[in-house]
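Q: Could you walk me through this one while I have it open?

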Amino acid sequence: MSRNIKIIVLLTLCVGIGLVNVFLMPPFMNPDEIQHFLFSANYAYAGDHGRLKDLEIRVVQLLKDYRWFHFIGVGPGWENIENLKDVNFLNHFTMKKYTISKSYFHYIYGKVLRLTGIRDPLIAFYFLRLLSFFIYLAIFFLSFVFYKKYFPAHWYYLLASQLLIYQLATILNSVNCDVLLTLLGMLFFTFAYRFMAVPHEGTPKPENHENSATKAPRHQESFCNKPLSVPLCLRAFVAIFLVLISALASLVKTGGILFFLYFFILLLFKYGVNRKSLKWLILGVFLFVIVFSWFNYWFPERFFKLYGVIFLKLRAITGVAAVGAGGGGDIGAVANIGFFDSIVDSFYFYTGWMGFKLSGAWYWVLKFFLLMAVIGVIVMVCMKKTAGRRWLVYGLVLIVVQSLATRFYYGSGLMAQGRYLYPLLIPIVMLIYKGLNSMEVFLKLKRNYLVISYILFLVLFFVMALSRVISVFYLEIASPHVGL
Amino acid sequence: MNIKKYGQWILLLVILLVSFKAITFTRDLALANYFLHSNKEKAAAYMYRILCDKPFLYRGLRDYQKTLVDNLIVKKAIYARYRDNKNIFDILSRDSKELTVEYFKTLYRDNFYLQYLFPPAPTLPNWKNLDTVSLELLTDKTLNPVSLSLWEKVKPTVDGEFAANLADYCRWQGNTELAEHLGKDFAMAKPIPNPGSPTGRESSKHLLKSLRKKKNLTIDDLQEIRPGSEDFNDMGAFKKKWQFFYISGSKDMRVASFTMGLDGAGENRCLRLMGFFAGSADGKTKSRARGGAMCKEKLSLPRGYYLLSFDYLTVTAREKPSFYLWKGISEVFLPPTGGGWKKVVYFLNNSTGGFTVIKPIFRMWGTGTVLIDNVYFAAITKPTFNFNRTALLYTSRWE
């Protein structure tokens, strides 16, 4: 297949999958979509109390029309619900004009909606989904650029394995903070990869390898590794950009605060292991403090809310003044294997309001591939000569950190929130690909059989997931005899 | 000189200096939130600093700690007005339209400092309804000139009991000069017993002796459950384990004025509860306002019998002290002692396991002063007696 055809096929697939997810999934059926829509509408129609009240009435009617209550599992009696405040899990939503806990995701979506002047709630909702669709396209364009640059030989494997994650396509085409957070994650890891200066997969080795290794810089393409005489501001550019992305992420979603942690871990991986680079580590921290402080100064409401969440959860974890700390802090429960199970399942497909799955066998096959990938990565990490070893370990550490953070945030309840790993899409997709690749070498396979089987399985999985969605929401088996 | 090398450091220094304000702001923002659940006074102080930079945040911050932040703003405004003749509300209201003097004057309607320093004074204030800010300012000796001049204006509307309580409060807080002036124009009630003296208070040893005599209970039959700083000698432990708690009988929480704290020094330190004013709620004939000290932590209560004992003193014969343990256990009202210490011995029957926890509250209803000391709470491991009621109370009859 020529390069252009591959691009056209993947682009068509991307647009197709996006649009199918925008229009196939009935309104408000994705996780928290109703709240995100209403918060955005709150900004769009700010100050017009009559419109907001009318919006609430119309939305309740839409929820009834599309049997939202039925699909998310609300028991009998939902036909009589008149107000959103009567819906238990929407209790935290209030039609307030001002709230300290505002997310800038809602602010942006709301302001865009305001610009369009759309007044009908259903059209407004689909407009916001389409807005997400364009961000989804941007995410895949960025992925394409990234994989193409760093994996010129097999970029299409990586892009396809990302494109075929059904749940990812669903979430990224819904009205959800995760859309912007995933976009920021994509940008963050593109720059982080650059920052860490991992050698490119397709970079040709110097001819006289032994001599050049001692004289020339190891990763010639990265400006981060140029001699120390490079001006300070240029050297700091990538670091500043990473902190900026982290700050933007924390404005978009509470979980975005973890980006700062990703940045710190990145600094440690880049500089912490080398005593000579200590001054760069200190400089990185200095830049972080400056940029972070200014963001605190400009967006104090948002950061005050974030500190609240962090301290509350830390208190719950350490057991200090747990009163009012809510969920979280259940460290012992992390050992529960069901936690990792639910994360994997919901990463690939757990649609609706985490209500519908495929049968267990599908996930077991997926987990088999993932296990192979993990073993492959461990083998690669153990081999000291592996290029980009530090990056792989960094990716693994981040996945563990993100999973544990999600676990602590939610406590011991069911944690079907694989979508919280979507900002780590680049490290995850790369780890799976690299791991399976490593296993192919280990098993002495001549071609990428494991990677190809994984992608083919994802195609099957995708088709099954799609048919499951259609059957749940659009095909109803009814008997002509009432009551049967 | 290596210009490039030093230029880099100068650049960093400039960035640091330019960002200094943002860094301190970030520190205040984080610490305000950190102390929100552990030390509300500190949290409010940091919130005040945040508001000085960004007054528009008031609307958001008040959701978290409204009263304390308001208190700080009013206190700072009073100091600024008195010392530098500045009106900080003018500055604050530039960024946040809500932070006007009128808004705070409505909130602190009965605060004579605020009302007189920012005239005009309201038409129907209740000067006896002292708020936290007034109580704090009354203890500051440097403010005595303004406190005394305002007292002259307020005096015609208050009575002797209020003046006596206020004078007593100032004496307790170390502002004796103001205390003397406050009591000058009124026939004062009898002097407050010196809490530094152990007279009348019994030690735990004495209690055990009497328990053995009356109920055949020995130290081996009791397992002490510490509700906190029970002898109130350790100020740090007290702050950690007890908190101020008050309820007024109406929707307007400023209708009553109470305070609490430790009185005396050393081993004879005791808990002091004071009520200055207790207003009646609309449509109610009797005041329901009460205030006092609440144990911060719940104490678990397995099945069995329990003993609670403490000494208490009311300054006059009008106070209404009480203690409350948990929902379902009747609040226990204690008779006033008229200046002498009395021992309370209270047996709680939880043999059916009806209560799983308790959270002791010592409080008083209405005005006056109550002192409490030697709180002792223990599980009776070997009950030597039975009773069918939920509780048995001994006060005067114990002796």
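Q: Before we start, what sort of model is it, and how are things numbered?
A: This is a predicted model, in which local features need pLDDT of at least 70 and side-chain atom pairs count only at pLDDT 80 or more, while totals for chains, interfaces and linings use all residues. Residues are numbered from 1 along each chain as its sequence is written, chains are lettered from A and ligands numbered from 1 in the order in which they are written, and side-chain values use heavy atoms, with hydrogens and water left out.

Q: OK, how many residues does each chain bring to the contact?
A: Chain B contributes 28 residues and chain A contributes 26 residues, where contact means heavy atoms within 4.5 Å.

Q: And what area is buried there?
A: About 2500 Å² is buried between chain B and chain A, with carbon and sulfur atoms giving 73% of that; buried area is the accessible area (1.4 Å probe) that the two parts lose on being put together, summed over both.

Q: Which helices of chain B touch chain A?
A: On the side of chain B that touches chain A, at least two residues each come from α1 (3-18), α2 (20-34), α3 (40-53) and α4 (58-84) of chain B, helices being DSSP runs (H or I, at least four residues) numbered from the N terminus. The largest share, 10 residues, comes from α2(B).

Q: What does B:D53 pair with?
A: B:D53 forms a salt bridge with B:K21, and their closest N and O atoms are 3.7 Å apart. The pair links distant parts of the chain, since B:D53 is in helix α3 of chain B and B:K21 is in helix α2 of chain B, 32 residues apart.

Q: Switching topic, which residues line the second largest cavity?
A: The lining consists of A:Y157, A:L158, A:S161, A:V429, A:I432, A:Y433, A:V451, A:Y454 and A:I455; on a 1 Å grid over the protein atoms alone, a cavity is a set of points where a 1.4 Å probe fits but cannot get out, and lining residues have an atom within 4 Å of a point. Two or more of the lining residues come from each of α7 (155-163), α18 (425-442) and α19 (449-473) of chain A.

Methods: On a 1 Å grid over the protein atoms alone, a cavity is a set of points where a 1.4 Å probe fits but cannot get out, and a pocket is an open set with protein on both sides within 12 Å along at least five of seven lines; lining residues have an atom within 4 Å of a point. A salt bridge is a side-chain nitrogen of Lys or Arg within 4 Å of a carboxyl oxygen of Asp or Glu.
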